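Hello,

Here is the structure we talked about. Please open it and keep it in view while you read on.

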Amino acid sequence: MDAIEAIRKRRSVRSYTDQPVADADLDELCRLALLAPTGGMSQSWGIVVVKDPETKLKVAEIVIDGGAEYFAMMRPAQEGTTAEEHKAWGREYAEQVLGSYRHVPVWLVGLLVPRHLFPPEEAENERTADMISVGFMMENLMVAARAKGLGTVPTVFHWWAIDELKSLLGLPDDVEVPALTPLGYPTEWPQGLPPRLQEIRRPWQSLVHEDRWGNTRADS
Ligand SMILES: Cc1cc2nc3c(=O)[nH]c(=O)nc-3n(C[C@H](O)[C@H](O)[C@H](O)COP(=O)(O)O)c2cc1C
């Protein structure tokens, strides 16, 4: 599969078989990920490959816990439910949609490892550059995985349980985890987007501006 087909066919996969991923594939994916552009060649990044069964399970629990918080925060509460009941709904929903994460073959944890190369007063710009580089790295990884028939999904649910994750993986204080992903063979490839998301997808022509802001392809 070439890069264009892999980009077209990459989909967020949230259900995996327990077929293991070969170590050679894992190494190749990490190397391809780390060929992404990196501001000033700073390489302010890293990847934790989690294969140990006990650690994998703990990562899954952290993602499910964070997901429960996220769903309760982002989805409106049903009328007449208490805060407590809504929280319980978030937990139940996270179990339903993320419970299978307890069996994923591998977790790939994307790290932002600050190198402090910019002058101190430019720390914010440096963090932005580092964050963008980690994003490119994760995208390389996800597209390459797709080309190999492997599924991924960019995940940030751990943001709501970040202390547990950092402690589990022994990450230094200043190392951040912008995104992580399960990796494995999908039980099936999602065909297109779910209708709820398809509905809100903006036509690409409305997002491309000709020469200056506002003059979009959708207007011509
Ligand atoms: C920054 C970012 C954060 C995301 N966080 C999550 C997440 O925590 N959990 C999840 O299931 N999907 C997450 N996604 C996946 C998006 O929901 C998904 O990419 C989007 O719905 C489009 O679907 P597609 O990836 O199949 O094209 C995230 C995507 C991005 C870019």
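Predicted model: local features only at pLDDT ≥ 70, side-chain atom pairs only at ≥ 80, totals over all residues.

Residue numbers start from 1 along each chain, as its sequence is written.

**Fold.** The chain has seven helices and three strands. Both are DSSP runs, numbered from the N terminus: helices are H or I with at least four residues, strands are E with at least two. From the N terminus, the order is α-α-β-α-α-β-α-α-β-α. The radius of gyration (over C-alpha atoms) is 19 Å, close to the 17 Å from the globule rule (2.2 Å times the number of residues to the power 0.38) for 220 residues, so the chain is as compact as a globular protein of that length. Its C-alpha atoms fill a box of roughly 50 × 45 × 45 Å along the principal axes.

**Burial.** Of the 220 residues, 26% are buried. That takes 20 or more other C-beta atoms within 10 Å of a residue's own, with C-beta atoms placed from the backbone.

**Domains.** Domain 1 covers 3-189 and domain 2 covers 193-220. The bounds come from an automatic or database domain assignment. The domain centres, taken over C-alpha atoms, are 27 Å apart.

**Ligand.** Which residues surround the ligand? They are Arg11, Ser12, Arg14, Val153, Pro154, Thr155, Val156, Phe157, Leu193 and Leu197. Each has its C-beta atom, placed from the backbone, within 6 Å of the ligand.

Best wishes

Conventions:
Buried ≥ 20, exposed ≤ 12 C-beta atoms within 10 Å, placed from the backbone.
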